[in-house]
Amino acid sequence: VVTLVTDYGSAGVYVGALHGVIMRICPTARIIDVTHRVEPGDLIGGSLALTDALPFLPVGVHVVVVDPGVGSQRGALALRCTDGQILIGPDNGVLGAGAALAGGVVEAVEISDSPWILDPVSATFHGRDIFAPVAAALASGKPLVAAGDPLSVSQLIELALPTPKISRGKLTVIVTAVDDFGNLAVMALPRDAEVAGLRSGAAVSVQGAGPKVYARYGRTFSDVGEGRLLLFEDSNGRLALAVNGGSAAETLDTWPGDQVHLGR
Amino acid sequence: VVTLVTDYGSAGVYVGALHGVIMRICPTARIIDVTHRVEPGDLIGGSLALTDALPFLPVGVHVVVVDPGVGSQRGALALRCTDGQILIGPDNGVLGAGAALAGGVVEAVEISDSPWILDPVSATFHGRDIFAPVAAALASGKPLVAAGDPLSVSQLIELALPTPKISRGKLTVIVTAVDDFGNLAVMALPRDAEVAGLRSGAAVSVQGAGPKVYARYGRTFSDVGEGRLLLFEDSNGRLALAVNGGSAAETLDTWPGDQVHLGR
Amino acid sequence: VVTLVTDYGSAGVYVGALHGVIMRICPTARIIDVTHRVEPGDLIGGSLALTDALPFLPVGVHVVVVDPGVGSQRGALALRCTDGQILIGPDNGVLGAGAALAGGVVEAVEISDSPWILDPVSATFHGRDIFAPVAAALASGKPLVAAGDPLSVSQLIELALPTPKISRGKLTVIVTAVDDFGNLAVMALPRDAEVAGLRSGAAVSVQGAGPKVYARYGRTFSDVGEGRLLLFEDSNGRLALAVNGGSAAETLDTWPGDQVHLGR
């Protein structure tokens, strides 16, 4: 199994080329397109896509290509984790949260000059030329130690995920994603809301980039009336905002990267 | 084979998580993404996606997740049909038209508390936590009777599809979908047009939400000039509107849910 | 292996129906969705999608459905190429560049009345009714000679790809595609830039449909500052324009089909 998280979108032949390269090298590979809709260059979004999906993916090789520094001096990684998962991607921190969720890194390899990469390597499409062929070779059973040069785990670039600001009766969070329903994922946990004193079942004021709107802190969409705003724990275990039968993003005129103030 | 119809779109890791769950439970499953672009919560659109695709799909397990009532008291179904197809989805009527096309339901099971669902079950992502694991278990050969509690077919929620209004020389229809060409699918059959007296080959007036435009009732796009409107029987056997080399939706400023009046 | 290039987009059940038809006929087929985002009816775009992906795809059956003349008298082709690749699509020139890249056509068959097509054939969805079933039959090992009527290679419709206009210090090109990063692909090769006297590393003026902007002719995104314009050889070996961390299409207000003047 090879799984893919990228910011390639659906235009161009980027995703098709990844599949082609993988299937040329490992014809029996099963490929899962986890998502190709990470915002361009959004390392936080790529990290969260990996960690949100990983608990539901088979053991295999998981490739994340969110890579604004492609073609520069940044490194390229293959990581073996405690629970057996292998993660592949640029050395820009995007793999860190996934590796932690998988029990931590037990073996790290720098693959920029791997014997398995394509020749020539383009300057801008390392997904096709470096990450996919190394993933396919590992999926076909080649040993990680042969993928490149060993690397100390302490050398890996780290990425800090944003944290909410918590005060008495107030929680300030960053919007990390909007889905195709218009639901807004924010970077906070239900226990952050609890610490801030926002109580399940109660009304919560929500001030994003647009108008201030009152939400109910509920459990699912039908806990509020049609067109009303809901604060809830989403299926990834974080807080999120939704409008029953509508779009929270449009209702709040609030989008990824924006700050939202939640208040009692 | 497991096939998927949902309103999840391509953002987020929803679709990837479905694939992951299915492949963890049934590693040899072949998965077909029929579409993930049903309009959010559109039960009619989900019904039609299933019935449009079903005649062209292998025998297998077909999952439809269009589920505005997720997390509420609505039921969750696995249905075995006369022709051997198995349908899975919420008990909100979205499976009904597909079941009828597959010869009718011969066995119905309530799967909300199936032994095969994930633990815990989230309040908002039953596609991942209930429908996908049950589909995968059935695809791996487990018997339907073991999926949950037997249900009488007469208890299933029914969904009425919209019908056209037919009068002498006039046919009033609802737009059910727009595709990426801008073609508008409407809820009427060629025989409805015949009853209304709209004749193949003739000019037809088309009044949607925007300007009134004359179409020709033809067979294929090139039956009208570049930029001209065509009324035709689409590949699903229903009436549709297209502009040769353009977008009927933009030309008519008419979109899903809008009414269109077709006249002689 | 069956691969798919179409202009179907992601709405409707078009792509799902192709997969279903292929898997009913050839249950062991591996399907690669190269792209379904060719601009509607864009034969140049379809040609380039095929040639960009083909070097990275396994040997197999490659289907291209960009088919504005569907349902008219245009032919339908299955082509065997020197290097073993089989190409399938309408006889409108869209396969030509791919066939040339695959070493040229050694056997051509007209498949409009192939014994393997579905019955009935719709007027507007030959992807499902003609191209997919013929591709699946060939993928399952049936011989090309049995697919239909032999055709002389000299009878195939040809399609001319646009060429850049080169003068001293100036290169005028057509934008062929924009990807989801906002990068603009243009129809010219690095050697065209060389002939025009545009030097790698130097500043280049870029005048599209919008404001004139200066770019650097570099190698990768990080060769220019955040928000700055880059002219580069893309991963398909042609020239392209990108903004580091932004959208070249929006910066230049320039889109597929527009002309761009590159100057020293």
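I take contact to mean heavy atoms within 4.5 Å, and helices (H or I, at least four residues) and strands (E, at least two) to be DSSP runs numbered from the N terminus.

**Entry 1: ground rules.** I am reading a predicted model, where local features need pLDDT of at least 70, side-chain atom pairs count only at pLDDT 80 or more, and totals for chains, interfaces and linings use all residues. Residues are numbered from 1 along each chain as its sequence is written, chains are lettered from A and ligands numbered from 1 in the order in which they are written, and side-chain values use heavy atoms, with hydrogens and water left out.

**Entry 2: helix 2 of chain C.** I found 11 of its 11 residues buried, among them Leu43(C), Gly46(C) and Asp52(C). Which elements do the buried residues of helix 2 pack against? I noted strand 1 (2–6), strand 2, strand 3 (61–65), strand 5 (86–90), helix 3 (96–101) and strand 9 (170–178) of chain C. At the start of the helix, I saw a side-chain oxygen of Asp42(C) within 3.2 Å of the backbone nitrogen of Ile44(C).

**Entry 3: the core.** I next looked for nonpolar cores, that is, sets of buried Ala, Val, Leu, Ile, Met, Phe, Trp, Tyr and Cys residues joined through side-chain atoms within 4.5 Å. The largest has 60 residues, and Ile88(C), Ile111(C) and Leu138(C) have the most contacts inside it. Helix 4 (residues 126–139) of chain C gives the most to this core, 8 residues. Beyond its neighbours within four places in sequence, Ile111(C) touches residues including Ala76(C), Ile88(C), Ile130(C) and Val134(C).

**Entry 4: where chain C meets chain A.** I read that 27 residues of chain C are in contact with 30 residues of chain A. Together the chains bury about 2200 Å², 59% of it on carbon and sulfur atoms; this buried area is the accessible area (1.4 Å probe) that two parts lose on being put together, summed over both. On the chain C side, Arg30(C), Phe56(C) and Phe181(C) lose the most area, together 29% of what that side buries.

**Entry 5: a residue in chain B.** Leaving aside neighbours within four places in sequence, I listed Gly227(B), Arg228(B), Leu229(B), Ala248(B) and Thr251(B) as its contacts.

Conventions:
Buried < 20%, exposed > 50% of the residue type's maximum accessible area, 1.4 Å probe, protein only. Polar contact = N/O pair within 3.5 Å; in protein donor to acceptor, adjacent residues only side chain to side chain.
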